Amino acid sequence: MFKSQNSSSFSLDWINQIPSSIVIIDTDFKLISASPRWQANFELDLNDIEGKYFLDLFSELSQDLKSRLNYSLEGLRDIKFKYNAKDCQYSSKDSIWHLNPWKDGYGNIIGVIIKVDPISKTQELEMELSKTKLILNQKSSVAKIGSWDYDVQKEELHWTPIVNKIYGLPSEYQPTLENSINFYLKESQEIIKKLVTEAIDSGKPWNEKLRLRKSDGEVIWVNTIGRPKFKESKCTRIIGTIQNIDESTLQKKNALNQSPTEYPLFEKVPFGLAIINFTTGKLLDVNEQFIKLTSFEKEHFLGHNFKNFVNSHIKSKGAELKNQLKEHGSFKPVKFTYTNQKKHNINIKMTGTLVEGNSGVTSVLCTFENITSQTKLERNLKSTIASSREKNEQLLNFAHMVSHNLKTHATNFSLLLNFLNDETGKIQRNKYMNMLFSASDNLSETIKGLREIVAVKSSINEEKKLLSLNESLFVVEQNVTGLLKETYGKIINEIPETTQVKALPAYLNSILTNCITNSIKYRSHDKKPIIILSIEENKNYTVLSIEDNGLGIDLEKYGNQLFGLYKTFHRNKDSRGIGLYITKNQMEAMNGKITVESMPNEGTTFRFHFNKK
Amino acid sequence: MTKISDITIIDDDAITVFGLRKLITSSVEYNTIESYSNGKIALDAITAFLNNNQQIPQIIFLDINMPIMDGWEFLKAFLELPITQTIRINIVTSSIDPRDYKQWEFFKNKSHHLITFNQKPIDRNKITEITQLA
């Protein structure tokens, strides 16, 4: 201090003579002197400020200014400092301060000379750049940020040594825009090219996370920032930074392990998440989606063992899942049904991954996906496949049946025609002709039967109607009056007048006709046929019983064939083995069923279960 | 050619029975031909022959689709009868259902009788071939 005062006392007269705006401070930042211009600039009087602590005058700038003054005292020449008038109380004009060390005759630095120049646009830009650089350099030491500067006109790229480190390149490497972009992964390359073009064309700055392949092949995430600079509305340069953010990503992952709720996506994923302590099985946390899924409050789960909330199926699998976690770090998706608070059963698909924390706590991160609609669709699909497989099977059977039936007739025709061809005797020929006629009748009969079967199968899609059973029965009774008279038969109708069944009119008619004519056809040889019709109601079905006193069927022997096609059990001339097959198909087509009780020589009871739905 | 004593036709179709009879008559020598319109009647008749120590048919033509007792049911019952001699059973059918073919293979392999499977139509050559003593 003593030295500086000495030095100042003898050599400062010149300052009053010069036209520039200059101020001199000593090593302790005390104001030694200032040129008249400077005093005018800042509207200060030297008498008032001499010996004052310089930084107090510009307290708004003190932090930045102090570091620069220190640099200057260390011998750095021509440090530029931008003075923003609006930040300060003294001058209304922006300016640039050039800081230079003030030396005595022996070369010792005894203070700082600050020359104040009015600012030009270019200078301002340059200042900003160097300021950015300074800040970047400071930051880069902690955050591994490299800075770069691309001269658009010269197409030259410069960057700091840290960028070489990030790229994994030797320090003498000379970058160009093209080869620096080539280090990015393909998709990232596209992005960065677009960003550069946009910056040059429209002045748009960028801040983007991209993937970079280092020269040693390692792929890292980098954060690149670019800011285009314009001169006379033309982009002249882009300055920016690049930072390796792989480690920060890593740190975030660690953070998840330590305290899972800090996982940033925990609440954002569109499915339920729960974190379960691996050792105790207790739920540590669940996300919002999980709460939505279960419709319980969060408190319902936290701190409780997961086994309280899953069904026995999953409980029994507990050990196996634990083993999977131990061996593979995760378990394969499992599906289970969960009853939520609204008493809805939902199908859940659960997966789990082991999350190892630094604190030594191992937990399981489980995802829960509602697959109810998916499961429903799957089930529908399966039943559709099953039913179409069944239909296919039926079709194949039908095809075999048709071909068999028609072939029988065809071979008969050809047989008889051959005989006819060889025969000359008139009587014999007439016999063959008669057989041909009967063969033709048989064929027509067969085709008629097939047509009836097809009709049942094809009218399944028609709508069922609520029909009065007695009205339908009346029509049928009219049709069989002839048969009844012939056989002295009698129908006893015990059906209440009000009884209605849901059925297709044509089916109901066919079923009733078939059953009643069967009862008459297969009547006992020594009894007059009596047919009793009655109704029982149960929860799902209206059951019509048709009981007769006819021949009966040995159900032990033929029970499983009774409703089969072309199965006849009595030596009756007009048995075709089609009636009961069709009746059964018609009942099933209406979602109903048919059952039978019978004793040979005593009679048969058919029960028709009409579905109420 | 050895003369065949007795032939049985089991078929519910009168025309087929007529045709078979006529073909057999014109192709081979035989003693008698009996025909039955279903398996039950045929089985009853054959069982009666056995019980009375009468000659049972050496060759049987058997239809599959018949009322009351079909061809397979007849075959099952027939194979249980105590018959030591080898009977030739010619299944004659117009069925193309593969299940019928499987049934035949099943029965063929578990019996000492000669069981053949023949698709209609049967012509004169076929008749000569399959109307021989087993």
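Two strands are taken to pair if DSSP finds at least two bridges between them. In this predicted model, strand 20 (residues 541–548) of chain A meets that criterion with strand 22 (residues 603–611) of chain A, to which seven bridges join it. The two strands run antiparallel. Within strand 22 of chain A, A:Phe610 is the residue that stands opposite A:Thr542.

Strand 22 of chain A also pairs with strand 21 (residues 593–599) of chain A. Seven bridges join these strands, again in an antiparallel arrangement. Here A:Thr605 in strand 22 of chain A stands opposite A:Glu597. Strands 21 and 22 of chain A form a hairpin, with three residues between the strands. In this hairpin A:Asn601 takes a positive phi near 70°. As background, side chains in a regular strand alternate between the two faces of the sheet.

Attention turns to the nonpolar cores. The largest has 30 residues. Those with the most contacts inside this core are B:Ile10, B:Ile60, B:Phe61, B:Leu62, B:Phe74, B:Ile89 and B:Ile91. Both strands and helices of chain B give two or more residues to the core. The strands are strand 1 (4–10), strand 3 (59–62) and strand 4 (88–93) of chain B. The helices are helix 1 (14–27), helix 2 (39–51), helix 3 (71–79) and helix 4 (98–109) of chain B. With neighbours within four places in sequence left aside, B:Ile10 is in contact with B:Tyr36, B:Gly39, B:Ala42, B:Ile60, B:Phe61, B:Leu62, B:Asp63 and B:Phe74. A second, separate core has 22 residues, including A:Val501, A:Ala503, A:Cys515 and A:Leu544. In soluble globular proteins, nonpolar side chains tend to be buried together.

Chain A contributes 19 residues and chain B contributes 15 residues. On the side of chain A that touches chain B, the elements giving two or more residues are helix 13 (372–422) and helix 14 (426–458) of chain A. Helix 13 of chain A gives the most, with eleven residues. By class, this side of chain A has ten polar, seven nonpolar and two charged residues.

Terms used: Residues are numbered from 1 along each chain as its sequence is written. Chains are lettered from A and ligands numbered from 1 in the order in which they are written. This is a predicted model: local features need pLDDT of at least 70, side-chain atom pairs count only at pLDDT 80 or more; totals for chains, interfaces and linings use all residues. Two residues are in contact if their C-beta atoms, placed from the backbone, lie within 7 Å. Helices (H or I, at least four residues) and strands (E, at least two) are DSSP runs, numbered from the N terminus. Ala, Val, Leu, Ile, Met, Phe, Trp, Tyr, Cys and Pro count as nonpolar, Asp, Glu, Lys and Arg as charged, and the others, Gly among them, as polar. A nonpolar core is a set of buried Ala, Val, Leu, Ile, Met, Phe, Trp, Tyr and Cys residues joined through C-beta atoms within 7 Å. A residue is buried if 20 or more other C-beta atoms lie within 10 Å of its own, exposed if 12 or fewer, and partly exposed in between; C-beta atoms are placed from the backbone.
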